[in-house]
Amino acid sequence: MIGIVEWAISRSRLTLSALVAVIVLGTVAYLSIPKEADPDIPLPYFQVTVALQGVSPEDAERLIVRPLEAQLKSLEGLKELRGIAAQGAGTVTLEFDVNFNKDRAMQKVRDAVDAAKPKLPRDAEEPFIYEANTSDNPIVSVILSGDVPERTLLRAAKRLKRDIEPLPGVLAAELSGQREELLEVTIDPTRLESYGISSEDLFRLVVANNQLIAAGSLDTGKGRFAVKVPGLFETADDVLRLPIKVKGDGVVRLGDIAQVNRTFYDATTYARWNGRPAISIDVKKRAGANIVGTIKSVRDYVESMRPNLPPGVLIAYSGDQSYWIDAQLTQLTNAILLAVALVMIIVVASLGLRSGLIVGISIPASFLIGFLCLWFGGYTLNMMILFGMVITVGLLVDNGIIVVEYADRKMTEGFSKREAFAEGGRRMFWPVVSSTAATLAA
């Protein structure tokens, strides 16, 4: 290993060129590496929720929680299993060992839930599996507000949501505070009775005519294609023209006995911004994406679409994490630079200008090598990594001072600069390596 030191000293031009290349590439890596607040830590928690409208907590425990627990309790690596029965739903929370494999655990949970499905009530909704993730929180919320019709606000929000999701680094964009649209059919009981039609027959007729019917497949010799007969309502006129009774040449349509109005479901969430009705688009980033760059791309696109929005629709931003992430990263970066400056001042005062410059250059050069390794490894630059780098300043300073001080002593004994630093590198190589390894091991 000492031969590396001798090889580097004997090829000083190549070594200096490599140092310059590392500094340049490290700077590029620092500017390009994704930045976020916290590292993407896989949390060993999963949650399985099955909703069943109207079920009591007692029945939810018997019909939902127990069948799920029977299949999930035998999973490998499971540390704790908790079941909660509530009004209208049953939930099972799983905690795995810390050293679990996230993808493998998720697949095992899915398989166990699929095995439990036949034992769940027929009217129960599809089981929802939630995976705990530190990156699951929104990084920015785009707020659309204004004194405009609710449908106008909803259409603008849906359009922005659809265009934001394909942006680089965006995992999902979810709407909050909106109400889903629906067609409300108001039946005239007098007319319904006069035509001799019961409400049950009318309901079955509407359901039977609003289906997507599978009609087998078509084999062309070059491939097989599924054939489906669309029979879904697409407009309000489709509902009004629905035949409900035929007698001779006379046809009674739904429009003859009812009125169709476009309205909304009852609100379950509300959103307001500065006293005005609002709809929020909550943007989530992909794991490992640059949170600062992702938010910038979202804001740039939204601002480019601002002139195309309906009159009266206002845009604002909430929960923008890029502001405080930039502030935190800047503070930590400034702390590192301040540490380098203070170290150089102290070393220059005690050992001289040349020794201070050598020690001072070693710190940022080592950091840039670290940024380069992180970039090639696909890691992100976050608080944990920067704090670790702050701690390593002490190691870098101590090791640099040891080598430089030994070389200075050799020069006072009559050695040339080249011979003194070569001897310092050879003699101090293993002490530096062993002390650093002992610190890392501890």
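Helices here are DSSP runs (H or I) of at least four residues, numbered from the N terminus. With that in hand, welcome to a short tour of this predicted model.

**View 1. A charged pair within helix H14.** Arg 426 and Glu 423 both sit in helix H14, which covers residues 417-441. They are 3 residues apart, about one turn of the helix. Their side chains form a salt bridge, with the closest N and O atoms 3.2 Å apart. How exposed is each partner? Arg 426 is partly exposed, at a relative accessible area of 26%, while Glu 423 has 18% and is buried, because buried means under 20%. Elsewhere, salt bridges that share partners link Lys 79, Glu 80, Arg 82 and Glu 95 into one network.

**View 2. The whole chain, for orientation.** The protein chain holds 14 helices and 15 strands. Its radius of gyration is 34 Å, well over the 22 Å that the globule rule gives for 442 residues, so the chain is more spread out than a compact globule. Along the principal axes, the C-alpha atoms fill a box of roughly 120 × 55 × 55 Å. Of the 442 residues, 33% count as buried. Among contacts between residues at least 6 apart in sequence, 72% join residues at least 24 apart.

View 3. Glu 174 belongs to strand S6 (residues 170-176) and Lys 284 to strand S14 (residues 276-285), so the pair ties together parts that are 110 residues apart in sequence.

**View 4. The loop residue Asn 274.** Look next at the loop between strand S13 (272-273) and S14, where Asn 274 is found. What is its phi angle? Asn 274 has a positive phi of about 55 degrees, although it is not a glycine. At 64% relative accessibility, Asn 274 counts as exposed.

**View 5. Asp 408 in helix H13.** Helix H13 spans residues 383-412 and includes Asp 408. Is this aspartate buried or exposed? With a relative accessible area of 16%, Asp 408 is buried. Setting aside its neighbours within four places in sequence, Asp 408 is in contact with Leu 351, Arg 354 and Ser 355.

**View 6. Lys 410 and its partner Glu 413.** Lys 410 forms a salt bridge with Glu 413, and their closest N and O atoms are 3.5 Å apart. The lysine is buried, at a relative accessible area of 13%. Glu 413 is partly exposed, at 48%.

**View 7. Charges across the chain.** To finish, here are the charged side chains taken together. How many salt bridges are there? The count comes to 19. The protein chain has 47 positive and 50 negative side chains, and the centres of these two sets lie 6 Å apart.

Note on methods
Residues are numbered from 1 along each chain as its sequence is written. This is a predicted model: local features need pLDDT of at least 70, side-chain atom pairs count only at pLDDT 80 or more; totals for chains, interfaces and linings use all residues. Side-chain values use heavy atoms; hydrogens and water are left out. Helices (H or I, at least four residues) and strands (E, at least two) are DSSP runs, numbered from the N terminus. The radius of gyration is taken over C-alpha atoms; the globule rule is 2.2 Å times the number of residues to the power 0.38. Buried means under 20% relative accessible area, exposed over 50%, partly exposed in between (1.4 Å probe, protein chains only). Contact means heavy atoms within 4.5 Å. Lys and Arg count as positive and Asp and Glu as negative; His and the chain ends are not counted. The place of a charge is taken as NZ of Lys, CZ of Arg, CG of Asp or CD of Glu. A salt bridge is a side-chain nitrogen of Lys or Arg within 4 Å of a carboxyl oxygen of Asp or Glu.
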